[in-house]
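Here is a walk through one structure, element by element. Keep the sequence and the 3D view open as you read.

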Amino acid sequence: MIIDHPLLGPRDAQEFVYLGDADLINRPDWQAEDAADAFHDYLYLRDNPAGVHRELWYHEQGDRSWLVVTRDTLTHEISKVELARDVARAQGRGR
Amino acid sequence: MKQVNRLSGGLVDRDQVLGFTFDGKRYEGHGGDTLASALLANGVRLMGRSFKYHRPRGVMTAGSEEPDALVELRSGGRQEPNTRATVAELFDGMQARSQNRWPSLRHDMMAVNDRLSNFLTAGFYYKTFMWPKAFWEKLYEPTIRHAAGLGRVSGEDDPDVYDKGFLHCDLLIIGAGPAGLSAALTAGRAGARVILADEDFAFGGRLNAEMFEVGGEAGSDWAKAAVAELASMGNVRLMARTTVVGAFDHGVYGAVERVADHVAAPVEGQPRQVFWRITSKRALLCAGATERPIAFANNDRPGIMMASAVRSFANRWAVAAHETVAVFTNNDDGHRTAADLIAKGVRVTAVIDTRADAPAVEGAELFAGAQVIDSRGRLGLESVRIRTAQGFTRDIVCGALAVSGGWNPNVHLTCHQRGRPQWDETLAAFVPGPDLPVGMLVAGAASGVLSTEGALRTGAEGAVAVLADLGIAATAAVPQAEDAPVDLTPFWHVSESKGRAWIDMQNDVTVKDIKLAHQENFVSVEHLKRYTTLGMATDQGKTSNMGGLAVMAELTGKSIPETGTTMFRPPYTPVSFGALAGRAVGKHFHPVRETPSHNWATERGAVFVEVGDWLRAQWFPQPGETHWRQSVDREVLATRRSVGVCDVTTLGKIDVQGADAAEFLNKVYANAFAKLPVGKVRYGLMLREDGIAYDDGTAARFAEDHFVVTTTTANAVLVYRQMEFARQCLWPDLDVQLISTTEAWAQYAVAGPNSRKLLEKIVDPRFDISNEAFPFMACGEVTICGGLRARLFRISFSGELAYEIAVPTRYGDAMIRALMDEGEAFDVVPYGTEALGVMRIEKGHAAGNELNGTTTALNLGMGRMVSKKKDCIGNTLSERAGLNMADALKLVGVKPVDATQAVKAGGHLMAKEGPVDAAHDQGYVTSAAYSPILESSIGLALLKNGAARLGEVMRIANPLEGDDVEVEIVSAHFVDPDGEKLRV
């Protein structure tokens, strides 16, 4: 597979390490009332769709960027590649 | 030996005479021959024995689809089994041997299997070797294994180099027949970056095997001119002897180039084969088509061949398959073979055409509406028996029978991304379906366009269409050529045949076997394949799958498209392990990391151990030491008595900088770092998000905004990856930067009561490293040996007064030598990872055996370190009730009551009296060692409610090894429990 890195252009998937569902970005608030349940769901409940999936890839043999790759798990078609940091910020993560 | 069947003409180079041997006998061929064409030229029809019944077999095809003519090539380390004689390019001195026969090809003892064929039907293994059960392992399997297989490998190392390579192009054209050449000319002239790959050593495909004209000249001449033009273009790469074996995601193709298979041995430095990974923007599949046979009784005798192969041998290689040839066909293509042979003066004894309205043949007797029902000839075809349209039987004398059942487009690569082919009624064959791999187009015979002009036209048009997609303008120029329509009446097998009619020659699958599979309800094509082995092995059923499907369709009353095909998977043709491995063999299988002191340690005779990719010194034997324990005990005692040095370079090092560096460490470590003063080091424990302990190390603060943290050797890469995840994905606005500096610094632990005295001789005098100025857990930047910058940490893993000193990697070798020289006054010893391990167990420090993926900070006695006042990875879930039970495992020490007994890691703790079983399990030993200080075996263990059970006598049970040792539960800190040694 080829992943079109937003900073470096098309790169072979062999340069990357795969992590999984991009929802791992949405780490719950540790001070919330239901923190224990929220962390349980965050850690153990993951979607595994046959179809379009947003997932985390790490450019370990490259610039060490974490990317959010939107990939169809049935066809391997990649429709979008974003810097995970931008995605995290857009989802309200900060410090 | 004369080449009795060599004709005139052809594309062989008669000036080049090549000598070769087959089963030890010498023959001659010409440049441009394959082993198969050269053997046929010499009148050799018998080339092998079949897999199961050891039936005599000859060559059936002229290409890579060959199921029968499999030979062993070369000898020694270069010996190669199961090579298809049809693609083995002849070279001078070639040695080839037949396979799967004993004692000789003509007299094969195992041919007795053929007499037992009634017992050896489909599913034979599954039915026969069931009872008694115990016989399977001891008798049946070894016997079957001995009889199984075709060729043999020598077992010697392959002396050749194999390589891997990467290529990029606008357009990859797979196959250089009329369609491929026409496409390459079109795209090449338009300036696109083109790769043209073909498995053959000569470009042209069927143009080299037919007598057709293209644009008024011989097809082979047109091909030659096209290749010359393409070779002159800088934007076109011609890759002969290169098979594209698989279509992968996103336009990536795998291809094997046989760089030096056509010579006796590669020249110095040349790879034997190269596995190419081709990244293409678009691909045009011009892989042609494969002719299929018609099954009839005893249709496997040497001399029975595909009609197109007989034609290829005659036209391209100037070889008659035999002096007398008959043709058996259901379509016009068979007639071409007859016509070409007659034109070359070969005697065609009959053309047997299943069609009642078959066209007339000039120069041979035609039997329209007739069928071949049997054949004769023990080691080679002598005659065929036919049934005429009128119902009479007749024997026709022939040494070769050219069979044509129609053509199957080579759709394989169109299906590598789960696409399915679709049925074409006119061709009675599968053609590429709509679900092609992204970026792929198909042209020529592979797309079901079987005429020469059709191939030239669709190739050129395909290239134009593909280039338009890429924004490159191109024009198609198509020369005039043969454009005959396909005239075929489907005919798969002769049903009135009495004997066995072979569908799959390579796996010895007959029409009867398929009937049996059907009778036993293995009707799905995937079941049929596995039950009968139809379509398996080196040829993957290129000549047999369609026949098998047709028979099954007939039996089930379904159509062929309803019956369906099995899945096409890479590789298209067999790929050698050498090509797949490339250079990753032997010592290059994975990289080796050596520390800067490696050469020095080697000089000292160190014994090394692999830790991930690293090699670490395990111990340093001295003269007279015969057992590793002697070396390790000496290293421990000398270190504890005076001073020892250990290379700890392999620990992961991460530089953490930025205004929020402390805040960041607070989040990734369980314990707090914000208040750590500059110039101090703190132990850090890292949790996984589920609350389980992950890794540990130290963090040294060199400035308000600068920390250097260490990780364990094993987790260096993973911890860094996890920290980058935290930095980019979880807290993207923290002002912090990370970089791995593991390989930038050489680091040594200097441990023992004299460690400071030794370091005072190394560290430049303007740095005060006295106990007061540089106390326990201090860190700082210093200079050593007269100005070299270094980092000094006062930390201890051994429990002694100890330091770690780091210098830039290139000074690592000088550093260890300086420490050894200056340390002579203190009888310094180097110590390895074993002594390191003994000392950390004596001290009760947790390591990988304790941080084993199931333990929490609480288990490790570090529960209070997990800060409740801040957010950090793992703290929320570490509070789960299940991880905090009153009887949770706690780290303790164990010591045998009888000092002569030994504790072993892995043993389980049980009550002294009472049952030994899982229900009464109290915990387990994680680490064990012999302590030379205590003169006893000791261990660390995780014990239920362990902290409250010090002094209890228990037993360690290891039923697997029959061990049962009484132990006393003690503090995990066997040595210096109050840490006084650390602070002096």
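Asn521(B) has a positive phi, near 70°, and follows helix H10(B). Helices (H or I, at least four residues) and strands (E, at least two) are DSSP runs, numbered from the N terminus. H10(B) spans residues 511–519, and its buried residues include Val511(B), Asp513(B), Ile514(B), Leu516(B) and Ala517(B). Buried means under 20% relative accessible area, with exposed over 50% and partly exposed in between (1.4 Å probe, protein chains only). An α-helix has 3.6 residues a turn, so residues three or four places apart point the same way.

This is a predicted model: local features need pLDDT of at least 70, side-chain atom pairs count only at pLDDT 80 or more, and totals for chains, interfaces and linings use all residues. Residues are numbered from 1 along each chain as its sequence is written, chains are lettered from A and ligands numbered from 1 in the order in which they are written, and side-chain values use heavy atoms, without hydrogens and water.

Next, a helix pair. Two packed helices are described by the angle between their axes and the distance between the axes. In chain B, the axes of H7 (residues 307–315) and H8 (residues 332–343) come within 9 Å and cross at roughly 25°. Axes are lines fitted to C-alpha atoms, for helices over the stretch in contact, and angles run from 0 to 180 degrees between N-to-C directions. H7(B) and H8(B) are therefore roughly parallel (under 35 degrees; over 145 is roughly antiparallel, 65 to 115 roughly perpendicular, the rest oblique). Residues in the contact (heavy atoms within 4.5 Å) include Val310(B) and Ala314(B) of H7(B), and Thr337(B) and Leu341(B) of H8(B).

Now the rings. Over all chains there are 16 aromatic pairs. Rings of Phe, Tyr and Trp (its six-membered ring) pair if their centres lie within 6.5 Å; planes under 30 degrees apart are stacked, over 60 edge-to-face, the rest tilted. Phe16(A) and Trp57(A) pair edge-to-face, at 6.4 Å centre to centre and 85° between the planes. Phe16(A) sits in the loop between strands E2 and E3 of chain A and Trp57(A) in strand E4, so the pair ties together parts 41 residues apart in sequence. Phe16(A) is buried, at 8% relative accessible area; Trp57(A) is buried too, at 7%. Phe16(A), Tyr18(A) and Trp57(A) form one aromatic cluster.
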